[in-house]
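Colleague: I'd like to learn how to read a model like this one. Could you walk me through it, feature by feature?

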Amino acid sequence: MTANGWIQILFFFASVFLLAKPMGLYMCRVFERRKTPLDVLLRPVERVLYKLTGVKEDESMRWTEYAVAMLIFSAATLLFTYAIERMQAFLPLNPQHLPGVAPGLAWNTAISFTTNTNWQSYVPETTMSYLTQMLGLATHNFWSAAVGMALAVALIRGIASRETDRLGNFWVDMTRATLYILLPLCLVYGTVLVSQGVVQNLKPYDTATLVEKQNVTITGTDGKTSPQTVTTQTIAQGPVASQEAIKMLGTNGGGFFNTNSAHPFENPTPLSNYLQLLSIFLIPAGLTVTLGRMVKAPRHGWAVFAAMSVFFFIGVAASYSAESRANPLLHNVTTQATATDTGGNMEGKEVRFGIANSALFATVTTDASCGAVNAMHDSFSPLGGMIPMTNILLGEIVFGGVGAGMYGMLIFVVLAVFIAGLMVGRTPEYLGKKIEAADVQLAMLYLLIFPLIILCLAAVSVLSPTFGLSSLTNQGPHGLSEILYAFASAAGNNGSAFAGLNANTPWYNASLGFAMFAGRFLMIVPMLAIAGNLAKKKITPASQGTFPVTTPLFTILLCSVILIVGALTFFPVLSLGPILEHLQMHAGKMY
Amino acid sequence: MSDLLSVGATILLFAVSVIYTKACDGITKGRNHA
């Protein structure tokens, strides 16, 4: 680790801290439907949209209506994307004449983008046409992020309101999140990315003549190999900047190119890298302030921000430390960089970003449910790779995905105040709302679904040599890590991957598709039920026995609950994967 | 996987989610536990 690396990490976090308040206050105005500076431009557009779609903006919904509206919207947009993928060969903006996407892969991808996961079992530049990227996938980047924000705000309303069964209007929340927050930010952000060199065009791919011819061996469909001389290289193009902006801001993470944010057309400069990191945390960090303002306890929002920050610093310190150490089995690689040696573990990392920015990116992208990468997580050291995996397994509540991180964290808050209530022998209360049996049952349902999906599907894959293990290119504990990471990433709606697992097979397309679906919708429903249940309750005035949720003690309790529930659930499987791999690496064995 | 299977699986999953929503509503009304 270097001082330079830490200065960059601290500068990044200071930027997040400084932007959280203005962003949070602005989002508060948007969702409380107060005046914003953009009203002059956007309010007429908003009114027209409601008129065209028949949405009554003053009509508030019960939690079940809110949930069903969200499910119908997601189902319709999923099928829309599926249809575009399948028919892209007959649609315009396909200069490479790419064929329609195969049904299994198209279904997996449609679920992936609908659920804000952006898991990609394909190489985008050789699979998806420009129209599919723009109309099928980028639109979902907006919609799924807006859905996440709407859901988080619905839960906050449930906490803040009293004696009502209404949580707001899903269609209005979605529209305002897209119109007032995501679109304006992406317009500015996309333009800045273009200034940094991110491409934005609809041209056919370029062909460049290689300076030095390459002799390669080609394996034909019949399995026979033949030598071939390669003299040209295809350089993929496309409307990248517009997709890149929402990919990061909406914590979607699906790359326009296969190498994602390690590709020079997606992430060309140190400034673009810094902005991409910042944009992952911008809205989730702001939502902590929105929470504080909407529940009229700003210090509660900051207490949640503090808990998230604790996990962020633990993660980034562990990841940076692990990646700064050289692989003990590689001789003559030092920890400290010299003029002739980069030092540390540089496998799978871009030289232009180095170890500090790769470790930071891996931590941030998995703290949130983003999944974009600027380095290959599979090439991280065993413990370095365990950090992104642990971040996902904790539920991605460290600032988290847009909206999803906030409501995930609030479920842990409900659990923390419940435990605090049990410890002092009083009925647990959260901001004046009594936490009762139904709330805890629903919170436990939310928390148990996640490990159930990951562990069951990973176990089936590990036990099946034909459809599970046959996709692996690495054996032993590293192979287990690859399978575990895939299901954690899918159920956590993250989308990043440990390479080395070929997921474009019938089993993995179907099982990962189900994991993404269940990890999104089967967790959202109990969360909304908690929101609806809390909204109905009276607000009890605070007394001496009330556990305060604005103090450092609350932050410590919250962190402890997350660690106990989240980490211990997965400790056994982590010990068989990355921890065992780390021990075996030091014993002289690699996978 | 064919198109029919993909579309059918999607509709089935979302239909199950709606039923699941009703079940969670039951929990909030205290119907799903003794």
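Predicted model: local features only at pLDDT ≥ 70, side-chain atom pairs only at ≥ 80, totals over all residues.

Colleague: What is the phi of Lys296(A), and is the residue buried or exposed?

Modeller: As a general idea, most residues other than glycine have a negative phi. Lys296(A) isn't a glycine, yet its phi is positive, about 60°. Its relative accessibility is 71%, and over 50% means exposed, so Lys296(A) counts as exposed.

Colleague: Where does Leu93(A) lie?

Modeller: Leu93(A) is in the loop between helix 3 (63-87) and helix 4 (103-114) of chain A. Its phi is positive too, near 55°. With 32% relative accessibility, Leu93(A) counts as partly exposed.

Colleague: On to the core. Which residues touch the most other members?

Modeller: In soluble globular proteins, nonpolar side chains tend to be buried together. Here the largest nonpolar core has 187 residues, and Ile181(A), Ile283(A), Phe312(A) and Leu528(A) touch the most other members. Helix 16 (residues 506-535) of chain A gives the most to this core, 18 residues. Among the residues that Ile181(A) touches are Met23(A), Phe31(A) and Ile283(A).

Colleague: And how much area is buried between chain B and chain A?

Modeller: Interface size is often given as the accessible area lost when the parts come together. For chain B and chain A that's about 2200 Å², with 74% from carbon and sulfur atoms. The contact takes in 19 residues of chain B and 29 of chain A. There are 2 salt bridges between the chains, including Arg86(A) with Asp3(B), whose closest N and O atoms are 2.6 Å apart.

Terms used:
Residues numbered from 1 in each chain as written. Chains lettered and ligands numbered in written order. Heavy atoms only, no water. Contact = heavy atoms within 4.5 Å. Buried area = accessible area lost by both parts, 1.4 Å probe. Salt bridge = Lys/Arg side-chain N within 4 Å of Asp/Glu carboxyl O. Core = buried A, V, L, I, M, F, W, Y, C linked by side-chain atoms within 4.5 Å. Buried < 20%, exposed > 50% of the residue type's maximum accessible area, 1.4 Å probe, protein only. Helix = DSSP H or I, 4+ residues; strand = E, 2+ residues; numbered from the N terminus. Lists of a residue's contacts leave out its neighbours within four places in sequence.
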